[in-house]
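Visitor: Could you take me through this model? I would like to begin with the overall fold and then turn to individual residues.

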Amino acid sequence: MSESTVTSKGQITIPADIRKALGLSTQDRVVFTPLQDGTVVMRAKTRSMVDLKGLLKRPRGSAKVAIDDMNIGRD
């Protein structure tokens, strides 16, 4: 188990073994998600939106929707 101390500025250092386990490098971002039971989940945010391109496949027979059609009713 690893632990860290919160500084007067509200900062912590993520222990080296945790950084290694998450594959974190300098300038990587982490996301903290509080759960209802008081647990906080910390995840490495290592994927960009560009990495998600092509992840979802368009169903067969589906048509593309024009931007103008998506904006109907927005004013």
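Predicted model: local features only at pLDDT ≥ 70, side-chain atom pairs only at ≥ 80, totals over all residues.

Visitor: Which pattern does the chain follow along the sequence?

Guide: The pattern is α-β-β-α, made up of two helices and two strands. Helices (H or I, at least four residues) and strands (E, at least two) are DSSP runs, numbered from the N terminus.

Visitor: And what is the radius of gyration of the chain?

Guide: The chain has 20 Å, whereas a compact globule of 75 residues would have a value near 11 Å. The radius is taken over C-alpha atoms, and the globule rule is 2.2 Å times the number of residues to the power 0.38. Along its principal axes, the C-alpha trace spans about 55 × 30 × 25 Å.

Visitor: What share of the residues counts as buried?

Guide: Of the 75 residues, 3% count as buried. Buried means under 20% relative accessible area, exposed means over 50%, and partly exposed lies in between (1.4 Å probe, protein chains only).

Visitor: What about contacts between residues 24 or more positions apart?

Guide: Such pairs account for 5% of the contacts with a separation of 6 or more, where contact means heavy atoms within 4.5 Å.

Visitor: Let us move to the strands. How many bridges join strand 1 to strand 2?

Guide: Six bridges join strand 1 (residues 29–34) to strand 2, and the two run antiparallel. Two strands pair if DSSP finds at least two bridges between them. Arginine 29 stands opposite lysine 45 of strand 2, and proline 34 has valine 40 as its bridge partner.

Visitor: What lies between the two strands?

Guide: Five residues separate them in a hairpin, and glycine 38 in the turn has a positive phi of about 95°.

Visitor: Which residue has a positive phi although it is not a glycine?

Guide: Glutamine 27 does, with a phi of about 75°. Glutamine 27 sits in the loop between helix 1 and strand 1.

Visitor: Why does glutamine 27 count as exposed?

Guide: Glutamine 27 counts as exposed because its relative accessibility is 72%.

Visitor: New topic: the surface. Which residues form a nonpolar patch?

Guide: Met49, Leu52, Leu55 and Leu56 form the patch, with about 480 Å² of accessible area together. Patches are made of residues with over 30% relative accessible area and no salt bridge, like charges being joined within 9 Å and nonpolar side chains (Val, Leu, Ile, Met, Phe, Trp, Tyr) within 5 Å. A salt bridge is a side-chain nitrogen of Lys or Arg within 4 Å of a carboxyl oxygen of Asp or Glu. Accessible areas come from the Shrake-Rupley method with a 1.4 Å probe; for residues, only the protein chains shown count as cover.

Visitor: Where is methionine 49 found?

Guide: Methionine 49 belongs to the loop between strand 2 (40–45) and helix 2 (67–70), and is exposed at a relative accessible area of 68%. Arginine 58 is found in the loop between strand 2 and helix 2. Arginine 58 and threonine 39 are 19 residues apart in sequence and 37 Å apart in space, C-alpha to C-alpha.

Visitor: Finally, where does aspartate 17 lie?

Guide: Aspartate 17 lies in helix 1 (residues 16–22) and is partly exposed, with a relative accessible area of 46%. Between aspartate 17 and alanine 44 there are 14 Å in space, C-alpha to C-alpha, the two being 27 residues apart in sequence.

Definitions and conventions: Residues numbered from 1 in each chain as written. Heavy atoms only, no water.
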